[in-house]
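Here is a short briefing on one protein model and its ligand. Please keep the sequence and the 3D view open while reading.

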Amino acid sequence: MIIPNGDSHVPDVSIATSPNDLASVPAILKQISAQGEQLSTTQDYDSRLQLLASARALVQALETPRETMIKHIWAQPAVQVGITMMYEAGVFHVMARKNGPITVKECAEATKMDPNLLARLMRHLGSMGHITETGVDEYTPTNFSRAMSLRIIGDGYPCIINGLFNTLSKYGEFTKAHGNKMVLSHTDTPLRYAEKVDMDVFTWLRSLGLGSHLNNHMAGYHQGRPSWMDPDVYPVKDRLIKGADTSENAPFLVDIGGSTGHDIAEFLTKHPNHPGKLILEDLPVVIDHINHLDPRIERVPYDFHTEQPHKGARAYYMHSVLHDWPDDVCADILKNVVAAMKPGYSRLLINECVIPDCGADWQATALDVMIMIEFSSSERTLADWTRLLEPAGLRIIKVWGGKNGTESLIECELA
Ligand SMILES: C[S@@+](CC[C@H](N)C(=O)[O-])C[C@H]1O[C@@H](n2cnc3c(N)ncnc32)[C@H](O)[C@@H]1O
C-alpha cells in the first residue's frame, strides 16, 4: 500500500527518532529493581522470566522507531547469517576450546575461513554482545557463544536459515498469489511454492542433509523448560501408573513421532518404576539414526498414517506432532490412535501449546507464525483443540500446565 503524500493520518517525522515510550521508563525501572531483588532471593524460573520481560520492555521503551527498525532488518538478519556461517565452519567450537581471548587470525586458521570475512562477522557479533571484544580482532566467548558448541543449540541455525528462510521470505508473495488469504493445506504449501519441490518439511530438510539438525533443534527447544512429567505439572503416578496393566509386555507409554527419543528417555529417568513397556515410534529414517538410547526403550519404525501396531497402551503421547499438520491430516493421524485406544483405560496425551485468547507469550506466537509458514498449520487455542479432537471421538479430560508460553499437556480419553 502506498500512502499518498499529505495524508493527514501520517504522524510527523519526528516520531521516528523519539523514544518509543520514555514516560514508562521510571515505572519499568522500579519494577526491574523489585524483580531483581526477588530473583536474587528466590533464584527461581518464574522470577527470572518476569525480570527478563521487564528488561525487554525497558529496551523497547528506550528505543526509537528508527533504531528498532534498523535492529530488525539489519542487525538481526546479519546476526543470523553470521552465526550460521561461523557455526558451520566450527568457529564457536574453536573459541570454546581456547576458552579465553582468541584472535580472528587463530579462528580463521583453525576453520579455514577467510580472515577478512570472519573479522567482519565477529565484529558484528561482538557489537551485538554475542561474543566479547577484548582487543583489536580479538574476542572471548560469552555463555551463549560457548553453548553454540552444543548441537542442540547450534543446529537450529542451519536448519532455519539455510533450510527454511527462503520459504519465510517468499511467504508474502505466496499469500498474495492466493488473494491475500491464509492457506492451510498440506498440498499447496509455501515451501512447495518457494522451493518448487513436492515434499513436506521433514523430507525437504532431509534432502538438504538437515534432518538431524531438526532433531537436535527440537531437543534444544525443550531444554530448561518445565516438563509435563514433573509432579508439579502432571501427576504421572496418580493419572497413569495407578491402574496400569503391570504385565511385562503391556505397552505403557507410546511416544508417537518421538524423534530420537529425548522425551521418552526423560520419562524413563524421571519414572524408572513405571510398569510395562516404553515405546518410541518415528519414521524409519529417524529411528535408524538414533545414536544413544536406553535399551529398555523399544524403538519402532512407524508411519503414523498407518495402523497403530501397539494396541491398548496406557498412554499414547504426541509432542509437537499435531502442530506440524493442518486439521485434515491431524484427523487421519488421530484416527489411527483412537482405533488403538482401549475404552476406559487408554489416554492420549498431547504436549502442545494451548494459545490463550489474550496475552499469549512471545515464544508461542513466534512458533505459531513459523508453523503457519513452514508447516501450513497452527499452534491451537482450546477452541481449536476441541474442534479437532471431538470429531475424532476424543474428549479432553483436563489441560495441565502451560505457564509462560510452555506447552500444556492435553489429557484426552475416548468420548
Ligand atoms: C516436530 S518433530 C517433534 C519430535 C518430538 N516429538 C519432539 O517433540 O521433539 C515431529 C516428528 O514427527 C515425525 N514424523 C513426521 N512424519 C511422520 C510420520 N508420517 N510418521 C511418524 N512420524 C513422523 C518426524 O520425524 C519428527 O520426529
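**Ligand site and sheet**

A polar backbone atom of Phe 304 lies 2.9 Å from a nitrogen atom of the ligand. The protein buries 96% of the 590 Å² that the ligand exposes when taken alone. The model is predicted.

**Ligand surroundings**

- The ligand is surrounded by 17 residues.
- The closest are Gly 257, His 262, Asp 282, Phe 304 and His 319.
- Sorted by class, the shell holds six nonpolar, eight polar and three charged residues.
- Gly 257 places a backbone N or O atom 2.8 Å from a nitrogen atom of the ligand.
- Asp 282 uses its side chain: an N or O atom there is 2.7 Å from an oxygen atom of the ligand.

- An open sheet is built from seven strands, in the order 6-5-4-7-8-12-11, with mixed pairing.
- Strand 6 (297–301) and strand 11 (394–401) each have a single partner strand, so one side of each has no neighbour in the sheet.
- From one strand to the next, the twist averages 20 degrees.

**Strands 7 and 8**

- Strand 7 (residues 315–319) pairs with strand 8 (residues 347–352) in the parallel sense, over five bridges.
- Ala 315 sits opposite Arg 347 of strand 8.

**A helix across the sheet**

- Helix 18 (residues 327–340) lies across strand 4 (251–256), strand 7, strand 8, strand 11 and strand 12 (408–414).
- Helix 18 runs at about 160 degrees to strand 7.

Methods: Residues are numbered from 1 along each chain as its sequence is written. This is a predicted model: local features need pLDDT of at least 70, side-chain atom pairs count only at pLDDT 80 or more; totals for chains, interfaces and linings use all residues. Side-chain values use heavy atoms; hydrogens and water are left out. Two strands pair if DSSP finds at least two bridges between them. Helices (H or I, at least four residues) and strands (E, at least two) are DSSP runs, numbered from the N terminus. Axes are lines fitted to C-alpha atoms, for helices over the stretch in contact, and angles run from 0 to 180 degrees between N-to-C directions. Contact means heavy atoms within 4.5 Å. A residue is near a molecule or strand if one of its heavy atoms lies within 4 Å of it. A polar contact is a pair of N or O atoms within 3.5 Å; within protein, one must be able to donate a hydrogen and the other to accept it, and residues adjacent in sequence count only if both atoms are side-chain atoms. Accessible areas come from the Shrake-Rupley method with a 1.4 Å probe; for residues, only the protein chains shown count as cover. Ala, Val, Leu, Ile, Met, Phe, Trp, Tyr, Cys and Pro count as nonpolar, Asp, Glu, Lys and Arg as charged, and the others, Gly among them, as polar.
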